[in-house]
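The briefing below concerns a single protein chain, and its points are grouped by topic. Please read it alongside the sequence and the model.

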Amino acid sequence: MSAVPMTPLDAAFLELEDAEPEVSMAIASVAVFAGPPPGFDAVAEHLAGRVPLIRRYRQKVRRVPLDLGPPVWVDDPAFDLRRHLVHVALPAPGGDAELGDLVARVMATRLDRDRPLWRYWVVDGLAEERWALISQVHHCMVDGVSGTDLYGIVLDPGPDGPGPALPTPDHSPGVEPSSAALVARAARDLVAMPVGIARGVGTLLARPREGGRRVAALVRGGGALVAGLRPGGTSSLTGPRHRPRRYAVVRGRLDDVRAVRRRYGATVNDVVLSAVTAGFRALLLARGEEPAPDLVRTLVPVSVRAPGDGPDGNRVSLLLPRLPVHVADPGERLAATVAELTACKASHEAEAGAVLAEAARLEPYPLVARTVRWASRTDQRAVVTVATDVPGPRQTLYYDGRELLELLPYVPIGSTAQIGISIMTYRGALALGLTADESVDDLDVLREAIAAELPVLAGTGPVSAPRS
């Protein structure tokens, strides 16, 4: 049967979307190119030679009746590339404000479940003779790292094209299974599940050292994750859900961030999260609220993608650090950020999350689905924001000879979180995409504070040395 079951982690993003009518669980990035912009037909022709190399782009989702098993990927027999392309033009003057408004509108719209879950938006009219390609892909298909890796297929490593001829695999859609066939397969998998559990236990017993390490990490890290989900203080940073979004961008220089990393022994992620912390501190103060130590807990996805893993699906775990918004001094705030992230890593939160994701494969999917839906419908006040960091391409990429100038990331938000931060690097540039609920009419406060903090930390402004 030509149907590939989703992993529980991939399926969770569909369940989250189903449980929250106001949420679209698509991720995105905006690739901005030097002009002149190509025509719609030219883009369609270009992608026609690349899309066959990305199998999920030709597959759609089928739900198993009664949720007896996870959703499955099946070939779309009616696949039409042009139905996944949209050509739009920005209003004048075609700057960041106009582009941000378009991204917000695009990403507030859900992808059609009857088709493969992706769409490209070709955007003309950017200032300075530029154009853009918005890549909108459902989170059940890719995570941030694998989604960015797709640019290596869609774009070229040089201005003269892809170099060696790209392979063009033959593709004939498989036969789409009937609902009865999906139910029968899911029932067989449920019956066979105890065998899979026994095999898993046998593997752990055969490798007691590895099994003991995984169990210890699960116990310690799981406890830390549970503790991290306890509600903190209340603030205006959480609230009711709305569908329309706001989107803004902060730009920085990766060399500046690396200079801070070398000077203080911090990672790039530490430095950027410290700047994000400064942004949330400024936002709270501007709203007349006291920045408290337990007020801004953020979900930080951590890639667990191993070398050789394919580009499909999600390979992520998480950390749940508290951003030290109560610290006023930039240098001390950076030290506090480093200490918090170090403590989260030492508690094995990320390893526990990865083990739990693997363990979910051995659980009956009806139970997994109901648990995810219940959790998503429960208003939580523990996680205030998400901050995802994705390393982008280091080398310059091109579209049909047109240079890729920058990549701007987008992360979805849900539950009661009203702000999300996505971080992406490309060549020597750093970009932060700020996603916000429509009710956040002071997003510029956050944006400007983050932008101001980066040069301060880089040493071009006053900063005191972090305390050890």
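The lining of the largest cavity divides into 6 nonpolar, 1 polar and 2 charged residues, where Ala, Val, Leu, Ile, Met, Phe, Trp, Tyr, Cys and Pro count as nonpolar, Asp, Glu, Lys and Arg as charged, and the others, Gly among them, as polar. This is a predicted model, in which local features need pLDDT of at least 70 and side-chain atom pairs count only at pLDDT 80 or more, while totals for chains, interfaces and linings use all residues. Residues are numbered from 1 along each chain as its sequence is written, and side-chain values use heavy atoms, with hydrogens and water left out.

**Cavities**

- The lining of the largest cavity is made up of I54, R56, Y57, M141, V142, L150, P311, D312 and G313; a cavity is a set of points, on a 1 Å grid over the protein atoms alone, where a 1.4 Å probe fits but cannot get out, and lining residues have an atom within 4 Å of a point.
- The largest cavity holds about 50 Å³ of space, a volume being the space filled by probe spheres set on the points, which are joined across faces, edges and corners.
- The count of cavities of 30 Å³ or more comes to 7.

**The chain as a whole**

- The chain has 13 helices and 15 strands, which are DSSP runs numbered from the N terminus (helices H or I, at least four residues; strands E, at least two).
- Of the 468 residues in the chain, 49% are buried, meaning under 20% relative accessible area with a 1.4 Å probe and protein chains only.
- Among contacts (heavy atoms within 4.5 Å) with a separation of 6 or more, 79% are between residues 24 or more positions apart.

- An open sheet of mixed pairing is formed by 6 strands in the order 5-6-7-2-13-12, two strands being paired if DSSP finds at least two bridges between them.
- Its edge strands, each pairing on one side only, are strand 5 (85-89) and strand 12 (398-399).
- Strand 2 runs antiparallel to strand 7, to which 9 bridges join it, and S29 has S135 in strand 7 as its bridge partner.
- Strand 2 (residues 26-34) is also joined by 6 bridges to strand 13 (residues 402-410), again in an antiparallel arrangement, with F33 partnered by L404 and A28 by Y410.
- Because 8 of its 9 residues are buried, strand 2 is largely enclosed by the rest of the structure.

**Helices against the sheet**

- Helix 2 (residues 40-48) lies across strand 5, strand 6 (118-126) and strand 12, running at about 145 degrees to strand 5; axes are lines fitted to C-alpha atoms, for helices over the stretch in contact, and angles run from 0 to 180 degrees between N-to-C directions.
- Helix 3 (residues 96-107) packs on the sheet and touches strand 2, strand 5, strand 6, strand 7 (130-138) and strand 13, its direction making about 150 degrees with that of strand 2.

- Strand 11 runs parallel to strand 9 (residues 297-303), with 3 bridges joining them, and L299 has V386 in strand 11 as its bridge partner.
- Strand 11 is joined to strand 14 (residues 419-426) by 7 bridges, also in parallel, and P391 stands opposite T425 in strand 14.
- Since 7 of its 9 residues are buried, strand 11 is largely enclosed by the rest of the structure.
- T388 is found in strand 11 (residues 383-391) and is buried, with a relative accessible area of 15%.
- Leaving aside residues up to four places away in sequence, T388 touches P301, V411, I421, S422 and I423.

Definitions and conventions. Buried means under 20% relative accessible area, exposed over 50%, partly exposed in between (1.4 Å probe, protein chains only). On a 1 Å grid over the protein atoms alone, a cavity is a set of points where a 1.4 Å probe fits but cannot get out, and a pocket is an open set with protein on both sides within 12 Å along at least five of seven lines; lining residues have an atom within 4 Å of a point.
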